[in-house]
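Colleague: Could you take me through this model, with the cut-offs behind each term that you use?

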Amino acid sequence: MPTISIESILLFISVLFIISLFATKAGSRFGVPVLLLFLGIGMAFGVDGFGISFDNYLVAQGIGTIALCIILFSGGLDTKYSEIKPVAAQGVILATLGVLLTAFVTGFFIYYVTNYLLPFIRLSMLESLLLASVMASTDSASVFSILRGKGVSLKNNLKPMLELESGSNDPTAYLLTIVFINLIMNSSGGTNYGGAVLSFFLQLIIGALAGYYLGKFAVWLINKMELLNDSLYPILLLTSCIFIFSLTYFIQGNGYLAVYIAGLVMGNSKFVHKRSSLKFFDGLAWLSQIMMFLALGLLVNPHELIPVAGGAILIAFFMILAGRPISVFISLLPFRRMKTNDKVFVSWVGLRGAVPIIFAILPLAAGVPNAKIIFNIVFFVTLISLLVQGTTITLVAKWLGLSKDAEQLENLQDFDVEFSDEIKSTMTEISLNEEILKEGNLLMNLPLPDQTLAVMIKRGDKYFIPKGKTELEPNDKLLVITNDEDALLQTYNNLGIDHYTMRRN
């Protein structure tokens, strides 16, 4: 067998990453979930494509575990208490009771399908519930990448509620998966359902408490340590993430829930070099997603999906049209003020993603009977979910009257300026021309409203602070900061500006 050099491996990985990065732009433009593109690229380079053989499930599980840990931690860091507080109850119920209902409703359907409609795929009741549990959690990354890419935002606080559910429901699905694996593997020695239920709730409670207190400890540690190099603080944040996940595992808690809650605690706390650390983690989360999706795509052999296609299609559409809606409507019964259209949309956003595929590796690693069938069905269901739901989320939101035009908050092009999150402001840059300067070429002649300040001018390659009598020239770039957005928008109208760049902190 020929030896493959490390340079060849690095070249292959870098080519895959470059292709994937280009795919993110194409996916945003055409409304295709980025996750689907990553999986497709991995499959294209696999055994049935370009012939790259990758069948190490333990390595894939390791990549998936680390990546999911980072992704959940990053999701917590980017979530604001103020956004999720009004919908916290709905999000938590969907992330717990909703996942349980999805698993059991779908599990019974899978048992019926595989034993009566498709007898060539026979799964026991416990195996059916295991398969359903693996697919019970939803994916948020691809959903909101489409919404942001299409310039659509959601009414009625639906976005933060779905983000909270998606960020916190993986632990429930993970625990269910572990419980059913243990029940299947220990079925000959008697099934301890009481012990399984107790273990389930203990892991959730320990994970939540560990995440909260370890998150607080990490904030204290980062603020107390005086590192010699500022670039080490993002590394310390990453180390904290891995430490919290690992320690929670060793104290018998759920590490996925712990890192999400720890990220939530730290993201809403003050610590040194927070902005640069959050930027670092945002990029790291994207890198983790690419690695995870490509590895999972390489892992599957498309020709093995054909035998399970019939059953997988039935299961996928049952989850989309019945399993997920039933769990959502039952879970949200206490919230009578929530409109039917909102519940229908939440039901449609039951998108399956990379997490079910990662969880489907667990039965393979444990040697569960029919684990390969379970893995292939999960992968096929994920593809259908991404194709059917992922490409229509924006359209469904418009049909239900729940979408609104998103504000075009773009990156500043000529001024690399950012404020702390605690400073509430709006920044914009204005490209001056003769039409704007027709009332006079002094800064004081511009009709800037109160509470609006012109703080810097870029002329060519030079930057300087202007005064009221500073003479302006066409092609000057003017940086404006204000805490009165309505007045700023009025300024655009006064100046006759249709297109502008704005960033809100």
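Colleague: Is Phe318 buried or exposed?

Modeller: This is a predicted model, in which local features need pLDDT of at least 70, side-chain atom pairs count only at pLDDT 80 or more, and totals for chains, interfaces and linings use all residues. Residues are numbered from 1 along each chain as its sequence is written, and side-chain values use heavy atoms, with hydrogens and water left out. Buried means under 20% relative accessible area, exposed over 50% and partly exposed in between, with a 1.4 Å probe and protein chains only. Because its relative accessibility is 18%, Phe318 counts as buried.

Colleague: How are the planes of Phe109 and Phe318 arranged, stacked or edge-to-face?

Modeller: Rings of Phe, Tyr and Trp (its six-membered ring) pair if their centres lie within 6.5 Å, and planes under 30 degrees apart count as stacked, over 60 as edge-to-face and the rest as tilted. The centres of Phe109 and Phe318 are 3.9 Å apart, with 0 degrees between the planes, and the pair is stacked.

Colleague: Which residues is Leu437 in contact with, leaving aside its neighbours within four places in sequence?

Modeller: Leu437 has 11% relative accessibility and therefore counts as buried. Its C-alpha lies 7.8 Å from that of Leu472, 35 residues apart in sequence. With contact meaning heavy atoms within 4.5 Å, and those neighbours left aside, the partners of Leu437 are Leu432, Leu446, Leu472, Glu473 and Pro474.
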